[in-house]
Amino acid sequence: MAVPLRPKRGRPVGSRSFDPRSAEAFGQIVRSAREALGTSQEALAAAAEIERSHFSKIERGLSQPTLFAMLKISGALGVPAAVLVEQVEGELHRRGRRSNR
């Protein structure tokens with residue numbers, strides 16, 4: 001009797017889940033929103049229940065947050081996640097136009 005094959009877990013070979021351009025744009029949007037509130041990185045990270053060091057990596061574009069982390073960050077900022085995503089899309093579009101010149 002043949003043993004059924006189990007599908008491999010994880011991402012397919014060659015796929016990527018980290019995009020440096022979108023991570024950097026998201027971090028820039030979050031930092032701008034945090035600074036506009038006059039809140040420290042440490043205070044916002046605590047409000048979002050995210051480690052400060054990880055939050056720092058998100059702001060610097062070195063880490064791409066999960067959806068759950070993004071929702072926690074948007075809640076701590078008092079900004080709907082959809083607004084953050086829209087701002088990131090706008091920033092990416094703006095950067096794309098600038099790089100095509």
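**Figure 1. Thr 39 lies in the loop that joins H1 to helix H2 (41-48).** Helices (H or I, at least four residues) and strands (E, at least two) are DSSP runs, numbered from the N terminus. The structure is a predicted model, in which local features need pLDDT of at least 70, side-chain atom pairs count only at pLDDT 80 or more, and totals for chains, interfaces and linings use all residues. Residues are numbered from 1 along each chain as its sequence is written, and side-chain values use heavy atoms, with hydrogens and water left out. Thr 39 is partly exposed, its relative accessible area being 24%; buried denotes under 20% relative accessible area, exposed over 50%, and partly exposed in between (1.4 Å probe, protein chains only). Not counting residues up to four places away in sequence, Thr 39 touches Arg 34 and Leu 44, where contact means heavy atoms within 4.5 Å. A distance of 9.3 Å separates the C-alpha atoms of Thr 39 and Leu 77, which are 38 residues apart along the chain.

**Figure 2. Helix H1 comprises 18 residues.** From its first C-alpha to its last, H1 reaches 26 Å, close to the 26 Å expected at 1.5 Å a residue; the expected span is 1.5 Å times one less than the number of residues. Buried residues of H1 include Phe 26, Gly 27, Val 30 and Arg 34. Gly 38, with a positive phi near 70°, follows H1.

**Figure 3. The axes of H1 (residues 20-37) and H3 cross at roughly 110° and come within 7 Å.** H1 is therefore roughly perpendicular to H3, a description applied to angles of 65 to 115 degrees. Axes are lines fitted to C-alpha atoms, for helices over the stretch in contact, and angles run from 0 to 180 degrees between N-to-C directions. H1 contributes Ala 23, Phe 26, Gly 27, Gln 28, Val 30, Arg 31 and Arg 34 to the contact, and H3 contributes Phe 55, Ile 58 and Glu 59.

**Figure 4. Glu 59 belongs to helix H3 (residues 52-59).** With a relative accessible area of 3%, Glu 59 is buried. The side chains of Glu 59 and Arg 34 make a polar contact at 2.6 Å. A polar contact is a pair of N or O atoms within 3.5 Å; within protein, one must be able to donate a hydrogen and the other to accept it, and residues adjacent in sequence count only if both atoms are side-chain atoms. Beyond its neighbours within four places in sequence, Glu 59 contacts Gly 27, Gln 28, Val 30, Arg 31, Arg 34 and Gln 41.

Notes. Parallel < 35°, antiparallel > 145°, perpendicular 65-115°, else oblique.
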